[in-house]
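Dear colleague,

Please find below the structure for your review. A summary of the findings follows it.

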Amino acid sequence: MAGSMAPLGVKKDRAAEYKGHMTFAVAMACIVAAIGGSIFGYDIGISGVNTMDPFLERFFPAVFRRKNLVTLNNYCKYDNQALSAFTSILYLSGQVSTLAAAPVTRNYGRRASIICGGMSFLIGAALNAAAADLTTLILGRFMLGVGIGFGNQAVPLYLSEMAPAHLRGGLNMMFQLATTLGIFSANMINYGTQKIKPWGWRLSLGLVAAPALLMTVGGFLLPETPNSLIERGHVEEGRRVLELIRGTTDVDAEFTDMAEASELANTIKHPFRNILERRNRPQLVMAVCMPAFQILTGINSILFYAPVLFQSMGFGASWSLYSSMLTGAVLLFSTLISIATVDRLGRRKLLISGGILMIICQVIVAAILGVEFGSDKHLSRGCSTAVVFVICLFMLAFGWSWGPLGWTVPSEIFPLETRSAGQSITVAVNLFFTFVIAQAFLSLLCVFKYAIFIFFAGWIAVMTAFVYVFLPETKGVPIEEMVLLWSKHRFWKNIMPAMPTMPLEDGWGSGDGHGDSALAGADCNVHK
């Protein structure tokens, strides 16, 4: 398409010229880096200690007393703001710290933020395991939140930049796979430690130190990403690392894209200000909407409070933890499905299909609870089994769609000059909505009762429509050429302003300008 124009930065499409394959160096780097995801998941799942009687009796005696009152509304037994704060302070501190992590990640590299995150996790684990009062317990959760802010800011970027373009979706999902593995592990540990009285909860809260240590040590041993090295002026080392992770010396095309992206990145002194410019509008919208929608599926409400939720429905303490353990296993399995299919089916198909199934599941659960479950009675065994089955289906759909892709899509769409700032916005929005839902869910459950599931179903309908209309397919598009994608989308091309440009050589589709072209040589159909 001679005569087309490309933005300054990446000046031409070189996707067809990219060389390289999956290497041992990439595999090890992704495994070690993804441990950050396992800690994030563990900290979500371990909130299940809030149903253990010794834990409640020590830190939340009012909830412990109300828990066993037969006359109290089932939906309201755990409605306690201090108990909610135990869960939600993690995400409030993470939201603040991820904004501080952005300049660290950009100026000192992705590894620096990974190391800071690992050390914060270690401090938080020690405080929580040794907590003798509520203040120390909350402080420990605060430090864990700082670790989440740094880790979630750096790890998805690290995975996206290390992965080859044709495998980026699957490798980036190592973060979500590790997150679901962490959730499942936490549920398993809670199921075991509830039998160790009165200090089993200390073991649950302290074991996060094990992956935190691996993350910290791994941060010192991992190679830095070539994108970050080149951006910070270490050009020769950046090329050496690129050759190492691609398994070939023929990396000229990818190296040139990185160098051109770095030229533009180094002219941007205020990335947070730059990200507000009109030419970055599509990425900014995705950075806000994708993580917000991920939380508004209602997934974290189920993950945080699965034991509480199941106990409210009449399950015993052991069975409530067992049920949450089962749902965690389903989530882990479904993430494997997504890893296996995302680079073949694409992001849009998984998001839309998952959204439709989640809507159906939320409506079914609301109907069962509305008909069979009152404020002063328990579900029958048959209905309880049906609720757990449908929630497992919901987990399955979330695990192949919004779970991993809520992180993958934002981490791969930003140009180098705003990538750290963009990821910080993504994490901050995610943690903000996580904080709000975590703090409000028990109160909402008390007020809305079964209708809480209809509330989330409505949001899932909105986000599914959003994906259909506004999200282009990013499958197979090299990360440094992602900026070229938006000008070919039928909606976003009307938003993108005229920019300083250079001629673009042949390779960008048929030239009709309506978004049905593809990156030459790349397996990427741009949504019309």
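**Overall composition**

Of the 528 residues in the protein chain, 60% are buried, where buried means under 20% relative accessible area, exposed over 50%, and partly exposed in between (1.4 Å probe, protein chains only). This is a predicted model, in which local features need pLDDT of at least 70 and side-chain atom pairs count only at pLDDT 80 or more, while totals for chains, interfaces and linings use all residues. Residues are numbered from 1 along each chain as its sequence is written, and side-chain values use heavy atoms, with hydrogens and water left out.

The chain contains 22 helices and two strands; helices (H or I, at least four residues) and strands (E, at least two) are DSSP runs, numbered from the N terminus. Among contacts (heavy atoms within 4.5 Å) with a separation of 6 or more, 82% are made by residues 24 or more positions apart.

**The nonpolar core**

A nonpolar core is taken here as a set of buried Ala, Val, Leu, Ile, Met, Phe, Trp, Tyr and Cys residues joined through side-chain atoms within 4.5 Å. The largest one has 114 residues, and those with the most contacts inside it are Phe40, Val49, Phe55, Phe60, Leu205, Met286 and Trp402. Helix H19 (residues 381-400) gives the largest share of this core, eleven residues.

Leaving out residues up to four places away in sequence, Trp402 touches Met290, Phe293, Gln294, Thr297, Leu351, Met358, Met463 and Val467. One of these partners, Gln294, belongs to helix H15. Gln294 counts as buried because its relative accessible area is 4%. With the sequence neighbours up to four places away again not counted, Gln294 touches Ile299, Phe398, Trp402, Gly403, Gly406, Trp407 and Asn430.

**Cavities**

How many cavities of 30 Å³ or more does a search of the whole structure find? The search finds eight. On a 1 Å grid over the protein atoms alone, a cavity is a set of points where a 1.4 Å probe fits but cannot get out, and lining residues have an atom within 4 Å of a point. Grid points are joined across faces, edges and corners, and a volume is the space filled by probe spheres set on the points.

The second largest cavity has a volume of about 120 Å³. It is lined by 15 residues, of which Phe40, Ile44, Gln176, Asn300 and Phe398 are the closest to its centre. Two or more lining residues come from each of helix H1 (24-45), helix H8 (174-193), helix H15 (281-296), helix H16 (299-312) and helix H20 (402-413). The lining divides into nine nonpolar, six polar and no charged residues; Ala, Val, Leu, Ile, Met, Phe, Trp, Tyr, Cys and Pro count as nonpolar, Asp, Glu, Lys and Arg as charged, and the others, Gly among them, as polar.

**Individual sites**

Thr335 is located in helix H17 (residues 317-345) and is buried, since its relative accessible area is 0%. Apart from neighbours within four places in sequence, Thr335 is in contact with Met173, Gln176, Leu177, Thr180 and Gly399. The C-alpha atoms of Thr335 and Gly170 are separated by 9.9 Å, although these residues are 165 residues apart along the chain.

Ser97 is part of helix H4 (residues 81-108) and is buried at 7% relative accessibility. Beyond its neighbours within four places in sequence, Ser97 is in contact with Gly145, Val146, Gly149 and Phe150.

Most peptide bonds are trans. Lys197 and Pro198, however, are joined by a cis peptide bond, with omega about 10 degrees. Pro198 is situated in the loop between H8 and helix H9 (200-206).

Phe455, in helix H22 (residues 452-470), is partly exposed, with a relative accessible area of 32%. From C-alpha to C-alpha, Phe455 and Gln362 are 9.0 Å apart in space and 93 residues apart in sequence.

The loop between H22 and strand S2 (501-504) holds Pro472, which is buried with a relative accessible area of 0%. Pro472 and Arg347 are 8.8 Å apart, C-alpha to C-alpha, and 125 residues apart in sequence.

Kind regards

Note on methods:
1 Å grid on protein atoms, 1.4 Å probe; cavity = no way out; pocket = protein on both sides within 12 Å on 5 of 7 lines; lining within 4 Å.
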